[in-house]
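Here is a quick tour for anyone meeting this structure for the first time. Have a look at it, then read on.

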Amino acid sequence: MIILFYDAKKYDIESFEKEQIKYPDIKIDFLDTDINEKTAVLANGYDAVCGFVNSDLSADVLHILWGQGVRLLLMRCAGFNNIDLEVARDLGITILRVPGYSPEAVAEHAMALALSVNRRIHKEYIKVRENNFSLEGLMGINFYGKTAGIIGTGKIGTAMARICQGFGMKVLGYDKYPNERLDFIEYRELEEVLRESDLISLHCPLTVDNYHMINGKTISLMKDNVVLINTSRGELVDTGDLIAGIRQHKFHGVGLDVYEEETDNVFENREGEIMKSSITARLLSFPNVIVTSHQAFFTEEALSAISRTTLENAKSYMAGETNTANLVE
Ligand code: NAI
C-alpha cells in the first residue's frame, strides 16, 4: 500500500517513520501541503491518503480523490467533522480514524488551561519577567470543593472527570448516552450542568445537533465567575456570544484549545501576516482568556499511538479485516 500523507510536520514524519519500520508492506510519501481541491490530484496512483482535523475533505475534494483511485482515508485524529460522510459513503471511500490515542493527553491539557486561566499564570509569567511582583489582577478561585461540569463523558470527558475528582471537585456530567459505569459522575440534563458548575469543560464531538451549543442563551444559564474550557471543537461555541459574555464579566476565565476560525491557523506559523479577521485577536485581548492552537493531543505518547493505530488501520484494511471500532460510517 502507498499512502500520501498530507500536511506532514517534522514531528509527524519522525513519529511515522519510527513506526513504519514494523510495516514493510506500507510505503508513505510525505507532503508539506494540506489537502484541498487543488492538491487532491496529487493523490493519483496512491491507495490511501492520510489527513488531519483541518484537512479539507469536502464533497468536491472527495470526488477528486475518488477520481484518482483513492478508496481509503486514513485520519490521524479522532474527530471527522471535516469529512462529507454522505459523499464518502456514496463513493465507497472507507474512512478509518484513531478514536482514542491518548484521552489523558487532551484531558490534562484541558486542566492545564483551566488552572492557568484561573490563576492567571499567562499574565504572571510575563509580569515577573518585567520585575513586576504585584498581585494585582491575579486573584484565582479554589477548584477544591467546587463543581465541575463535563459535557460529553466519552474517553476524554471521563479522563477529565477523573482529574476533577482528584482535585476534590463534585463532578456533574451531561451526555446523550450516559455511562452508568462512571459512578463518580452525577448525570444531569445539560441546563442543570450549566447552571450548577463552576468549571465547565466541553468534551463532546461536533455534530449537526450541537453546533453553537454554548450560545447567548446557554451562557446566561451559567453561574457568574464560571471557568469555561473547550478542547473539543470550536463550533460548539458561538464566539460572538462568548465575547459578549466575557464583556459582561460572566466568566472568571475561558480556556480555548479550539476556536471557530482556527482552520487556517492550525499548526502554521503566521507571525509575519496581517490577519484578515479579528475574532482571535479580540479573544486574546481579554486578560482572562487563554488560547492554545489545537495542541491538547500533542504529547509523545499520543503521537506514537496515532502513528501506530493509523498504520495498523492501513494493514487491517489491506488484509480485508477492517477494525470496525475505528471505522467512520
Ligand atoms: P468519545 O467518542 O469517546 O466521546 C464523546 C462523547 O460525547 C460520547 O460519550 C458521546 O455520547 C457524547 N456526545 C455525543 N454527542 C453529544 C451531545 N450532543 N451532547 C453531549 N454529549 C454528546 O470521544 P473522545 O475521544 O472523548 O473525544 C471527544 C472530542 O474531543 C472529539 O470529538 C474531538 O472533537 C475532541 N478532540 C480534541 C483534541 C485536541 O487536540 N484538542 C484531540 C482529540 C479529540
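Before we get going, one definition: a residue is called buried when its relative accessible area is under 20%, exposed when the value is over 50%, and partly exposed in between. Also keep in mind that this is a predicted model.

Is arginine 188 buried or partly exposed? Its relative accessibility is 22%, so arginine 188 counts as partly exposed. Its salt-bridge partner is glutamate 196, and the closest N and O atoms of the two are 2.9 Å apart. Glutamate 196, with a relative accessible area of 28%, is partly exposed too.

How many salt bridges does the structure hold? The count is 13. Here are three of them, with their N to O distances.

| Salt bridge | Distance |
|---|---|
| lysine 10 and glutamate 14 | 3.4 Å |
| aspartate 209 and lysine 176 | 2.6 Å |
| glutamate 196 and arginine 188 | 2.9 Å |

Take the lysine 10 and glutamate 14 pair. Both residues belong to helix H1, which covers residues 10-20, and they sit 4 residues apart, about one turn of the helix. Lysine 10 has a relative accessible area of 64%, so it is exposed. Glutamate 14, at 45%, falls in the partly exposed class.

Now for the salt bridge between the side chains of aspartate 209 and lysine 176. This pair links distant parts of the chain, 33 residues apart: aspartate 209 is in the loop between strand S9 (199-202) and helix H8 (216-221), while lysine 176 is in the loop between strand S7 (170-174) and strand S8 (186-187). Both aspartate 209 and lysine 176 are exposed.

Aspartate 209 has another partner. Its side chain makes a polar contact with the side chain of threonine 207, at 2.4 Å. Threonine 207 is found in the loop between S9 and H8, and its relative accessible area of 34% makes it partly exposed. For a sense of scale, threonine 207 and leucine 284 are 77 residues apart in sequence and 27 Å apart in space, going from C-alpha to C-alpha.

On to the ligand. Where does it go? The space it takes is the largest pocket. There are 23 residues around the ligand, and those that come nearest are Lys155, Ile156, Asp175, Thr231 and Asp257. A backbone N or O atom of glycine 154 lies 3.4 Å from an oxygen atom of the ligand. From the side chain of arginine 233, an N or O atom is 3.2 Å from a ligand oxygen atom. With asparagine 210, it is a nitrogen atom of the ligand that is 3.3 Å from an N or O atom in the side chain. On its own the ligand has 860 Å² of accessible area, and the protein covers 87% of that.

Most residues other than glycine have a negative phi. Aspartate 7, though not a glycine, has a positive phi of about 55 degrees. Aspartate 7 is in the loop between strand S1 (2-5) and H1, and with a relative accessibility of 4% it counts as buried. Asparagine 225 isn't a glycine either, and its phi is positive at about 75 degrees. You'll find asparagine 225 in the loop between H8 and strand S10 (226-230). With a relative accessible area of 40%, asparagine 225 is partly exposed.

Isoleucine 2 lies in strand S1 and, at 31% relative accessibility, counts as partly exposed. Isoleucine 2 and alanine 48 are 46 residues apart along the chain, yet their C-alpha atoms are separated by 6.6 Å. Isoleucine 279 has its place in helix H10, residues 279-284. Its relative accessibility is 32%, so isoleucine 279 is partly exposed. Isoleucine 279 and arginine 181 are 98 residues apart in sequence, and in space they are 40 Å apart, C-alpha to C-alpha.

Technical notes:
Residues numbered from 1 in each chain as written. Predicted model: local features only at pLDDT ≥ 70, side-chain atom pairs only at ≥ 80, totals over all residues. Heavy atoms only, no water. Salt bridge = Lys/Arg side-chain N within 4 Å of Asp/Glu carboxyl O. Helix = DSSP H or I, 4+ residues; strand = E, 2+ residues; numbered from the N terminus. Buried < 20%, exposed > 50% of the residue type's maximum accessible area, 1.4 Å probe, protein only. Near = heavy atom within 4 Å. Polar contact = N/O pair within 3.5 Å; in protein donor to acceptor, adjacent residues only side chain to side chain. Areas by Shrake-Rupley, 256 points an atom, 1.4 Å probe, with all protein chains shown as cover. 1 Å grid on protein atoms, 1.4 Å probe; cavity = no way out; pocket = protein on both sides within 12 Å on 5 of 7 lines; lining within 4 Å. Sits in = over half its atoms within 2 Å of the grid points.
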